[in-house]
Amino acid sequence: MNAPQPPLVSPAVYAPVAPSFLARVFDNRHFLGLLFMLPAAALLIVFLTYPLGLGVFLGFTDAKVGRPGEWIGIENYDFLVTDSVFRLAVWNTFLYTFIASVIKFALGLWLALLLNEHIPFKAFVRAIVLLPFIVPTVLSAIAFWWIYDAQFSVISWLLTKIGVIHTYINFLGEPNLARMSVIIANIWRGVPFVAICLLAGLQTISPSLYEAAAIDGANGFQKFWHVTLPMLSPIIAVVMTFSVLFTFTDFQLIWVLTRGGPINATHLMATLSFQRAIPGGALGEGAAIATAMIPFLLAAILFSYFGLQRRKWQQGAKD
Amino acid sequence: MTTRTRRDFLKTTAGIAAGAALGESLLPREAAAQQLSFKPEAGAKLRVLRWKRFVQGDEDQWMANTKKFTDVTGIEVRVDNENWEDIRPKAAVAANVGNGPDIILSTNDDSHQYPDQLLDVSDLCEYLGKKYGPWYSSAIAYGHSGNRWIAVPLGSGGNCMNYRESHVKAAGFKEFPKDTAGFLKLCQALKKNNTPPGFALGNATGDANAWCHWLLWAFGGKMVDENSKVAINSKETVAALEYAKELYPTFVPGTLSWLDANNNKAFLSSEISLTNNGISIYYAAKNSPDPKLKALAADMQHANFPIGPVGRPTESALFFTSVIFKYSKYPNAAKEYLRFMMEKEQYEAWQKAAIGFVAQPLTYYEANPIWTEDPKHTPFKFSCKNMLPNGYAGKLGTASAACMADFIVVNMVAEAATGSQSIPDAIKRAERRAKRYYS
């Protein structure tokens, strides 16, 4: 530790008594910066980078559960692009993410605008709205499982009682109906998150902007279009990025409701990846399916950061 | 590791020769007075991971037997219960990292996914086979790999036809049909009476796999041949799927979405009068305080799966095995524990508490009174005898497990039965997916 070090700066220029090596090192802002980042970096590397890297690596191997694999290059991906179940899962994932995200955004924004008005018991109502988001996904999924049950669905029961339908609706048994049903369950769960985040954004918009708009004679819609939406767009970008990411990688809801059935009509990439990797034992192939999600997720993030967050847009200008 | 240590432990008597001479006879073999015991390591402690009960009695008695073991040997045993479908990944991780529970009670072909990680239990299995055996061939398929035993078969969670006696009678059948032709007629008659059958066609790991594999095998179809070459594309498979196509319209609507619990719910609420399941529906109905369910239990009955054109039983059911990992620090204590649990005093009590939920892998236990004290238990008695292992007629291993987990047969039957794919297309899709794993 105390071994003599060659001075970094000529002593003649610097100081008569050179500070110790440690003192100098700890005075160095670059070193300190690195040191302070180390704990965070270690956490990220151990818990994020390493698993992600391992996952990507496994995707290039034929690893099986309980047995390390060998490097097989892109053979997994070669197979997957020709695999009808995988292609269906990709299509399902996009459909699921797109429809659910658009509706979650529309409903969430609407709800946020409503909650931003002066209503009685404001705080209480806002707390209630968060409920679907607070309930553990598995629990709400089980509730939906009953709601959609082929024999015991409360919706079917109600509709037959009032005479609208005569046979129970096959919510999870018919491919398109099943897709719709799981999307609705996802929306129910995701709307509060979007709404509450957007509400927070709404409350940061200065009232003076609305006053100015009012003086200029703007009507309600114009205020929304020219003041609210541009001011809200950074928040929208962040919220929708998260929302898309959550939806794209959804797993629990599908796993409880359908396990990807009927005939794989609701398999998402995440559920298929799990099914093949863990119960199926094909770790390599499962990892490849999971890795195949990364480009889409990256694209979603890049779109929101470079698109929605553009300053020009936020100021209400066109390109 | 093929060194046999049996001779080190087996304290044989002349009874062995007598026992062996009895061959297939069902005479109580314990008369042979064989004894085997493993000397537990000093200070041994065991961790056991097992599937969570399907019926309460199973878990209670397993724990009681475990306590008995601790009382006798002084070895502390910790037993963790987890959902049976979560055991597979956990066991795989344990095998991968070489650390975890000493013993895992697992299902189906799990043990064949990492045979090299498992302790050779040949001495124990050969001893049990001599004393209580022989083992049924399905048990050997699940427990034996290469030239050694890698798992101690515990039995099968039998899968039988569950039906309402009064409804089947009303449909004009004095007894449950024994062949597939009669079975189809029964289903059609039940449907006509508005008391339809219902069989899971969703991704139901247990029930859907059980009946779809039975169907395929009953007509002589199979995923792979004896050399593990994919052989699903055959006229036998076509025949099975044509049958499925006739059968499906008789089902209650919604079976395409059914997971493992749906048929239990539907049967218990009288929405369906026929389905395939373990004994758990009966157990739930019989032990329910609700008089309606008690009446249902009195009216329900079990039957073995009908026999198809192949002319022999082709049942499929969940199979339970127990494995000891090589990393265990107390292999002898672990073997002693499993030996203890498989001995008559413990095993019969366990079967009794679970009213036969676990059907024995060893012929001797056919004599357990549990099979006859309630005639409704009897059809489950021969589960291990009537069943074919996963991945029939090929070898068990990663490919058979992967095909089962990917629902290849279930999807094929569902696609063909509902007409979402033509029969040849459904078969081709299944063939392609299977070839991926069996290449």
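Visitor: Among contacts in chain B between residues at least 6 apart in sequence, what share joins residues at least 24 apart?
Guide: This is a predicted model: local features need pLDDT of at least 70, side-chain atom pairs count only at pLDDT 80 or more, and totals for chains, interfaces and linings use all residues. Residues are numbered from 1 along each chain as its sequence is written, chains are lettered from A and ligands numbered from 1 in the order in which they are written, and side-chain values use heavy atoms, without hydrogens and water. Contact means heavy atoms within 4.5 Å. For chain B contacts at least 6 apart, the share joining residues at least 24 apart is 76%.

Visitor: What is the corresponding share in chain A, for residues 24 or more positions apart?
Guide: Take the contacts in chain A with a separation of 6 or more. Residues 24 or more positions apart account for 65%.

Visitor: Chain B has how many helices and strands, and what is its radius of gyration?
Guide: Helices (H or I, at least four residues) and strands (E, at least two) are DSSP runs, numbered from the N terminus. Chain B has 20 helices and ten strands. The globule rule gives 22 Å for 439 residues, so chain B is as compact as a globular protein of that length, with a radius of gyration of 22 Å. That radius is taken over C-alpha atoms, and the rule is 2.2 Å times the number of residues to the power 0.38; the chain B value is 22 Å.

Visitor: Why does chain A count as more spread out than a compact globule, and what is its radius of gyration?
Guide: Chain A has 15 helices and zero strands. The globule rule gives 20 Å for its 319 residues. Chain A is well over that, so it is more spread out than a compact globule, and its radius of gyration is 27 Å.

Visitor: What share of each chain counts as buried?
Guide: Buried means under 20% relative accessible area, exposed over 50%, and partly exposed in between (1.4 Å probe, protein chains only). Of the 439 residues of chain B, the buried share is 63%. Of the 319 residues of chain A, it is 38%.

Visitor: Which residues of chain B lose the most area to chain A?
Guide: In chain B, 39 residues are in contact with 39 residues of chain A. The two chains bury about 3100 Å² between them. Three residues of chain B make up 20% of what that side buries, and they lose the most area to chain A: B:N203, B:K265 and B:R436. Buried area is the accessible area (1.4 Å probe) that two parts lose on being put together, summed over both, and the residues asked for are B:N203, B:K265 and B:R436.

Visitor: Which residue does a cis peptide bond join to B:G133?
Guide: Most peptide bonds are trans. Here omega is about 5 degrees.

Visitor: Is A:R259 buried or exposed?
Guide: Phi of A:R259 is near 55 degrees, a positive value in a residue other than glycine. A:R259 sits in the loop between α12 (252-257) and α13 (269-277) of chain A. With a relative accessible area of 14%, A:R259 is buried.

Visitor: What is the relative accessibility of B:S270?
Guide: B:S270 is in the loop between α11 (262-268) and β8 (274-277) of chain B. Its phi is positive, near 65 degrees. B:S270 counts as partly exposed, at a relative accessibility of 38%.
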